[in-house]
Amino acid sequence: MVGREPHEGERDLEQVGSAISTGAVGLDGLCKSYGEERVVDSIRAAIRPGEFFSLLGPSGSGKTTTLMMIAGFVEPDAGTIRVDDIDITHLPPQRRGLGMVFQNYAIFPHLNVFENVAFPLRARRVPEAELRRRVQEALALVRLDRFATRYARQLSGGQQQRVAIARAIVFHPSIVLMDEPLGALDKNLRYEMQVEIKEIQQRLGMTVIYVTHDQEEAMNMSDRMAIMNGGRIEQMGPPGEIYDRPANAFVGRFLGEANLIEGTIEQVGDGEATLRTRDGRTLRARLERGATVGQPAALFVRPEKLAFGDDREGNSLHGTVRRRSFLGSMTRTVIDAGSATQVTVDLPNIGDGGGPALGAPVTVNWPAAHSLILLD
Amino acid sequence: MPNRGFLLMLPAFAMLALVFLAPLAWFFTQTLVLDNDLSTLWSKIVAVVSSRATLQAIGATNWISLLVTVTVLLLGYPIAYYLANRRGLRFTLVVFCIVVPYFTSVIVRTYSWMVLLGRTGLINQLLLGTGIIDAPLPLIYNKTGIVIGMTYVLLPYMVLTLFAAMKSIDRNLLLAARGMGAGGAMIFWRVYLPLSLHGVISGALIVFILSIGFFITPALMGGPSDVMVAMLIERSVEITLDWPAAAVMSLLLLAVTLVLYAIYYRVTDVRRLMGAA
């Protein structure tokens with residue numbers, strides 16, 4: 001049988017990205033264009049061993065293309081990809097030794113669960129006894145031990161997802177790539193699987209590079225994440241840092257609800273600045289970069305940082321309640337505060353009715369330290 | 001009326017009944033039922049089926065059909081694979097080359113082969129002229145000729161069936177296999193071939209079913225000893241005027257075809273169960 005003949009480069013297979021490597025991935029100046037369109041533009045990132053790293057962005061932001069370049073399915077136009085210190089940029093995918101979970105699972109319909117999970121081991125000519133042990137181990141890890149003889153069509157979406165994960169980790173890769181693995185699952189199941197994937201990642205100490213367009217998913221799981229837009233990384237860092245201190249308006253808006261009040265810089269102080277809004281109010285906020293007076297800017301503040309009532313210390317705005325949305329765990333109130341200013345306030349549902357009624361005159365306030373000047 | 005959709009099918013059914021089922025029934029009753037009681041009918045069937053001519057024809061039919069099916073499969077699989085992975089001009093060109101002969105009459109195509117394959121045909125002249133052979137090769141009026149001719153006629157059925165099967169293979173599965181460390185050979189034997197296998201079986205059955213009923217090509221391109229069942233039936237009707245024998249052999253052919261078709265149907269059904277992915 002031809003399938004038993006060893007093929008070229010087989011001895012190298014276990015080396016790159018296998019348990020021998022630490023799992024550090026370096027992307028340096030990665031570029032990819034399709035025709036005129038730059039899909040990925042000079043991506044640079046150093047992913048640490050054992051890190052859960054997400055590429056987060058809207059569709060068409062280049063995150064999947066970036067992942068496919070790491071996996072070896074897409075050839076970069078420029079730049080290098082390294083695992084530890086080994087340049088794998090031009091290595092074919094089957095020699096990179098990376099685990100991979102595909103968007104639609106890509107479970108072989110003609111093989112049962114056991115054989116699906118055994119596939120990477122068979123590709124590596126692992127002896128039968130060892131193979132059985134490792135497959136059982138991987139199936140136990142994703143709690144599918146009892147389903148070894150089933151076929152994909154006999155499994156639920158969540159179970160298929162687990163097969164895909166078991167298959168990606170069965171040969172003990174130090175790096176696993178995941179391309180929107182939970183996209184096809186419903187919301188509750190998705191959260192459960194997030195927790196489960198994160199647990200497996202931590203238990204095995206593997207590096208995970210995770211592509212998603214779901215902000216909550218990325219924030220829930222990631223040690224660090226890169227926000228992508230138009231083929232570039234807009235910002236990279238731990239979820240909390242990016243959420244509270246976005247580098248620009250795009251990141252602020254993409255990572256959840258954001259108030260962005262536009263105006264011009266009126267005064268620049270030490271780590272702080274004053275913004276004059278278009279309708280003539282002045283608001284104070286943190287400033288993390290250099291700015292000049294008169295420069296157009298926006299004040300960024302998250303809706304949950306706002307409170308009703310007056311506060312002499314911080315910023316405050318007066319207005320009327322324009323819209324109220326009950327969202328279960330919170331109430332979202334939109335307030336008209338002047339001709340060009342609209343702010344959103346999120347109040348947690350603590351059983352007090354969720355704040356003022358529609359049309360009521362209100363004052364909202366927030367500490368200056370919770371808002372940030374964004375220069376775009 | 002609960003469902004009048006069947007009315008749309010009525011003309012086709014009427015046509016089928018009129019030109020296929022009715023003559024068949026008439027032929028079988030005229031030749032087998034009217035002149036015989038049950039015991040003489042049975043002995044007649046046994047006599048026809050066990051006669052030397054029939055057995056030889058059945059043997060030749062099976063052997064030729066098998067050869068043709070295997071040849072068509074071996075030629076068709078790479079072509080279908082090529083087509084399944086190409087787009088644009090090259091795809092159109094190859095499809096054109098495969099499908100256009102479909103629209104040409106079998107007789108015209110068969111005569112073209114006779115021009116090419118004869119003792120003084122183009123191929124033999126070429127081979128003799130270049131000195132590759134000293135004497136003309138017997139390419140026609142034997143089994144070689146039949147297999148060449150039938151393979152050519154039946155290739156499109158195989159290619160199109162395989163193409164459909166291959167197109168339904170999820171490309172992600174092949175990428176996934178590569179990502180998991182599989183080389184080209186392993187991907188083919190463990191993923192691609194098993195996933196296209198229902199196409200192989202369907203295609204082989206279709207070609208075999210069509211082969212066992214072939215008449216024109218073997219009659220024109222075969223030798224005196226290459227008598228297939230369909231030819232024997234024709235001889236019984238036209239030359240020996242033994243209509244009961246023709247009827248028995250026709251029934252036999254029909255029964256075998258229906259059984260094979262039932263298998264074909266099952267295979268395509270299983271494919272649907274697999275979700276074709």
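Student: So two strands pair if DSSP finds at least two bridges between them. In which sense do strand E7 and strand E8 of chain A pair, parallel or antiparallel?

Tutor: Parallel: E7 (residues 175-179) and E8 (residues 207-212) of chain A share 5 bridges. Strands (E, at least two residues) and helices (H or I, at least four) are DSSP runs, numbered from the N terminus. Keep in mind that this is a predicted model, where local features need pLDDT of at least 70 and side-chain atom pairs count only at pLDDT 80 or more, while totals for chains, interfaces and linings use all residues. Residues are numbered from 1 along each chain as its sequence is written, and chains are lettered from A and ligands numbered from 1 in the order in which they are written.

Student: What stands opposite Leu177(A) in E8(A)?

Tutor: Ile209(A).

Student: And which sheet has E7 and E8 of chain A in its order?

Tutor: An open one of 6 strands with mixed pairing, running E6-E7-E8-E3-E9-E10 in chain A. E6 (99-101) and E10 (232-237) are its edge strands, each pairing on one side only. On average, neighbours in this sheet are turned by 15° against each other, ignoring direction.

Student: Which strands does H4(A) touch?

Tutor: H4(A) packs on the sheet against E6 and E7 of chain A, and its direction makes about 165° with that of E6(A). Angles run from 0 to 180 degrees between N-to-C directions, and axes are lines fitted to C-alpha atoms, for helices over the stretch in contact.

Student: How does H4(A) pack with helix H5 of chain A?

Tutor: H4 (residues 157-169) and H5 (residues 187-204) of chain A meet at about 15°, with axes 12 Å apart. H4(A) and H5(A) are therefore roughly parallel (an angle under 35 degrees). Gly158(A), Gln161(A), Ile165(A) and Ile169(A) of H4(A) make the contact with Leu189(A), Met193(A), Ile197(A), Ile200(A) and Leu204(A) of H5(A). Contact here means C-beta atoms, placed from the backbone, within 7 Å.

Student: New topic: how do E1 and E2 of chain A pair?

Tutor: Antiparallel, over 7 bridges, between E1 (residues 25-34) and E2 (residues 37-47) of chain A. Leu30(A) has Ile43(A) as its bridge partner in E2(A). The hairpin has 2 residues between the strands, and Gly35(A) takes a positive phi near 65° there.

Student: Last one: how many residues of chain A are in contact with chain B?

Tutor: 24, against 21 residues of chain B. Helix H2 (residues 113-123) of chain A gives the largest share of chain A's side, 3 residues.

Methods:
Contact = placed C-beta atoms within 7 Å. Parallel < 35°, antiparallel > 145°, perpendicular 65-115°, else oblique.
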